[in-house]
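Please look over the sequence and the model below, and then read on for a careful account of how the chain is built.

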Amino acid sequence: MSKKNQPVDAVNGIDELNENLTSVTEKVQNNQKIIMWCSLGIAIIVAVILIYIYLVREPSVSKANDEIGKADVQLALGNDSVALAQYMNVADNNGHDAGNRAALQSAVMLYQKGDYEKALGYLDKFSPSESVIGAAACSLKGDCYVNLDNLDKAVSAYKDAVSESDGNPLYTPFFMMKLARVYREQKNFGEEAKIYQTILNDYPEYGNAYGIDVEKYMKRAQIEANAR
């Protein structure tokens, strides 16, 4: 049947169908372009990431590992000054695991040398990935502040150490003992007594294990707190 012999409604229906098909085809073509550009964009991003990993990050990580390995050797040989300089260099110039460990090692060695301010600077560079190590780093901060006679910051650092150690029966009461001693130095006998009481309640075996009469210290602090 020719188009001119078709009913008007049929002609209109065919024209509408053709228009719809054309519209759908255009949309598909447009979507294909969008998908193509999105795919191209994703491919570029993946390529950039791979280039960073294999041409930038991996060589940097490898170099940092080599450098900290050299520092470890010097420390094992007893060349502490050389080792410290190498650890500090790795910590200052690398942000990878090696740089992180180097920062903590630098802080420990600087503390041992009595350079407490510098030790604090390297502790600030350190990001712990494990709770006990993080707690130990906080405790070392507290030790630095004690030696710098900044007892308020020492209290804060030791509290962080207690919190980070997450109830570890070996380390948590140890950090609490440090905190109690700072409270005593501040003549804050009430808080000192509370710390000892917590140790007795939560870690009753700690004192016996290390020959520390925690109850005696608690009673002394209570007497001094009541006398004020």
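Among the contacts in the protein chain between residues at least 6 apart in sequence, 49% join residues at least 24 apart. This is a predicted model, and its secondary structure comes to 10 helices and zero strands, so that reading along the sequence gives the pattern α-α-α-α-α-α-α-α-α-α. Of the 228 residues in the protein chain, buried residues make up 30%.

The confidence of the prediction deserves attention before any detail is read. The protein chain averages a pLDDT of 82, and 73% of the residues score at least 70. Confidence is lowest in helix 1 (residues 8-76), with a mean of 58, whereas helix 8 (residues 189-202) has the highest, at 98. Over residues 46-60 the pLDDT is below 50, and this stretch has 10 contacts in the model beyond near neighbours in sequence.

Two residues can now be set side by side.

| Residue | Location | Relative accessibility |
|---|---|---|
| Serine 139 | helix 5 (residues 131-147) | 3% |
| Glycine 114 | loop between helix 3 and helix 4 (116-125) | 33% |

Is serine 139 buried or exposed? Serine 139 counts as buried because its relative accessibility is 3%, which is under the cut-off of 20%. Leaving aside residues up to four places away in sequence, serine 139 touches Tyr158, Ala161, Phe175 and Lys178.

Although glycine 114 and asparagine 147 are 33 residues apart in sequence, their C-alpha atoms are 8.6 Å apart in space.

The last topic is the empty space in the model. Rolling a probe the size of a water molecule over the atoms shows where such space is left. The largest pocket has a volume of about 150 Å³, and its lining is made up of Asp97, Asn100, Arg101, Leu104, Phe126, Ser127, Pro128, Ser129, Glu130 and Ile133. Which helix gives the largest share of the lining of the largest pocket? That share, four residues, comes from helix 3 (residues 97-113). Sorted by class, the lining of the largest pocket has four nonpolar, three polar and three charged residues.

Definitions and conventions. Residues numbered from 1 in each chain as written. Predicted model: local features only at pLDDT ≥ 70, side-chain atom pairs only at ≥ 80, totals over all residues. Heavy atoms only, no water. 1 Å grid on protein atoms, 1.4 Å probe; cavity = no way out; pocket = protein on both sides within 12 Å on 5 of 7 lines; lining within 4 Å. Points joined across faces, edges and corners; volume = space filled by probe spheres on them. Helix = DSSP H or I, 4+ residues; strand = E, 2+ residues; numbered from the N terminus. Nonpolar A, V, L, I, M, F, W, Y, C, P; charged D, E, K, R; others polar. pLDDT = per-residue confidence, 0-100. Contact = heavy atoms within 4.5 Å. Buried < 20%, exposed > 50% of the residue type's maximum accessible area, 1.4 Å probe, protein only.
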